[in-house]
Amino acid sequence: PNAPGQSDPATFYNRVTYGAYELGSTFKTLTIAMALDAGTIKSLSQMYDASRPLRIAGYTIHDDHALNRPETVVEIFTHSSNIGTARIASELGRDRQRAYLERLGFFTKAPIELPERANPQYPPLANWGELSTMTIGYGHGLAITPLHLASAYAAVVNGGILRPATLKRVPPGTQVPGVRVFSQDTSDKMRAMLRLVVTDGTGRKANAAGYRVGGKTGTAEKLAGGRYVKGANVSTF
């Protein structure tokens, strides 16, 4: 801050509100919350086949932490299964997926008191088929800002209410008005599973002593020149 002329030009903008990214497996939290809320997941012990890579529309969906067997919803989440999440998203369906994403504000700029806000990037309805439904389910094919994601996670864990982020002081004992996106029961289940990711799953390095940390890991390949760059990642927790 004392020598702004010496800063890297890449740091001149607010990444939290103006950077749009495919945020990878962090979307699995939202997909499973949607399916729980919609009733397509009736039990956390419900099984989905993740025994082999999933072929769809000429593409193959793989798992990075493959168990190579059918998995429960909890296992799919804690081990971050792309295959299992893709099957859950397919069962939920495009129309319900889009309806939840719209309620989470993922099709418009994030509401906050700043002019520097990016538009999300998502496929048009004509190109939003089963493959897009599956890949968006685990965070590929739709780009949002970190603020969109943080606001959505707040709704997942706070009892299901999406409250717009604000930079204004909120008096003690008051809340920013919000809209219900998920039920209290869905929120309770998701909090427990987010904790399991940190105690037993892909987020164990975040298990800080003295805190009940919950969260979800996410890795997405960066885009350059219209192509994904192997080994260049956007990492999120």
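**Group meeting: overall dimensions and one hairpin**

Good morning. For a protein of 237 residues, a compact globule would have a radius of gyration near 18 Å, and this protein agrees because its own value is 18 Å; the radius is taken over C-alpha atoms, and the globule rule is 2.2 Å times the number of residues to the power 0.38.

The model is predicted: local features need pLDDT of at least 70 and side-chain atom pairs count only at pLDDT 80 or more, whereas totals for chains, interfaces and linings use all residues. Residues are numbered from 1 along each chain as its sequence is written, and side-chain values use heavy atoms, with hydrogens and water left out.

The C-alpha trace spans about 55 × 50 × 40 Å along its principal axes. Of the 237 residues, 42% are buried, that is, under 20% relative accessible area with a 1.4 Å probe, protein chains only. Among contacts (heavy atoms within 4.5 Å) with a separation of 6 or more, 64% join residues 24 or more positions apart.

Turning to secondary structure, the protein has 8 helices and 8 strands; these are DSSP runs numbered from the N terminus, with helices being H or I of at least four residues and strands E of at least two.

I shall describe one hairpin. Strand β7, residues 218-224, pairs with strand β8, residues 227-236, in the antiparallel sense over 6 bridges; pairing requires that DSSP finds at least two bridges between the strands. Leu223 has Tyr228 of β8 as its bridge partner. Between the two strands lie 2 residues, and Gly225 in this hairpin takes a positive phi near 60°.

Thank you.

Definitions and conventions. Buried means under 20% relative accessible area, exposed over 50%, partly exposed in between (1.4 Å probe, protein chains only).
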